[in-house]
Amino acid sequence: LHVRSRRQRQMCIRDSYTIARGNSPIGIDDIQGVARAMDDPSVIVVRADSPYESYEELVAASQDQALTWGVAQVGGTEHIGIERWAEVTDSEVRVVPFGGGGDMVTALRSGAVDASLANVSEALNQIKEGDLRALAVLAEEPVEDLPNVPTTSEFGHDVQVLSLIHI
């Protein structure tokens, strides 16, 4: 990336968050990560007292009727991941956007939505504390921190959703 002035550099840094919206003076191809910090797979979570106790139950219910899924924002990782999952599992989903991940989890825990897709790193503590129940990881391989949670691949549902964190 060739940037001529200090002001242009500052604009590029600030505006890199708006590349997807097309409002930035730079494009995604102008940015290159220096190192991959981590791959953070997504996990399907429900509230602890949800009637869906297993991945199979959630899939069966989603094939009968559209369940509500909380997402942080329309077009975000969770939204795209849920839509891909629904296509692979022949399920119906009704997506409800919230202002951010915190509001999404609050809605899930209150019962305002049936399920959500969260990054393992963001949901792990609430899963371990018993506030959320993890039903499946959207990855090919199991997640070390969630050894008893199956992957969607184990059920023949070939859909992986990862957040790639670069620096």
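Predicted model: local features only at pLDDT ≥ 70, side-chain atom pairs only at ≥ 80, totals over all residues.
Glu141 belongs to the loop that runs between strand 5 (132–137) and strand 6 (162–166). Its C-alpha atom is separated by 8.0 Å from that of Ser153, which stands 12 residues apart from Glu141 along the chain.

Helix 2 spans residues 55–64, and its buried residues are Tyr55, Leu58, Val59, Ala61 and Ser62. Viewed down the axis of helix 2, these buried residues fall within an arc of 165 degrees, and therefore they line one face of the helix. The spacing follows a general rule: an α-helix has 3.6 residues a turn, so residues three or four places apart point the same way.

The largest nonpolar core has 21 residues, of which Ile44, Tyr55, Leu58, Trp69, Trp85, Leu135 and Leu138 touch the most other members. At least two residues of this core come from each of strand 1 (36–47), helix 2, strand 2 (67–71), helix 3 (77–89), strand 4 (115–119) and strand 5. Helix 2 supplies the largest share, four residues.

Trp69 illustrates the packing around one member of this core. Apart from its neighbours within four places in sequence, Trp69 is in contact with Ile44, Leu58, Ile82, Trp85, Val93, Arg94, Val95, Val96, Val113, Ala115, Ser116 and Leu117. A second, separate core contains 17 residues, including Val45, Ala118, Leu124 and Leu132.

How values were computed. Residues numbered from 1 in each chain as written. Heavy atoms only, no water. Buried < 20%, exposed > 50% of the residue type's maximum accessible area, 1.4 Å probe, protein only. Arc of directions from axis to C-beta. Core = buried A, V, L, I, M, F, W, Y, C linked by side-chain atoms within 4.5 Å. Contact = heavy atoms within 4.5 Å.
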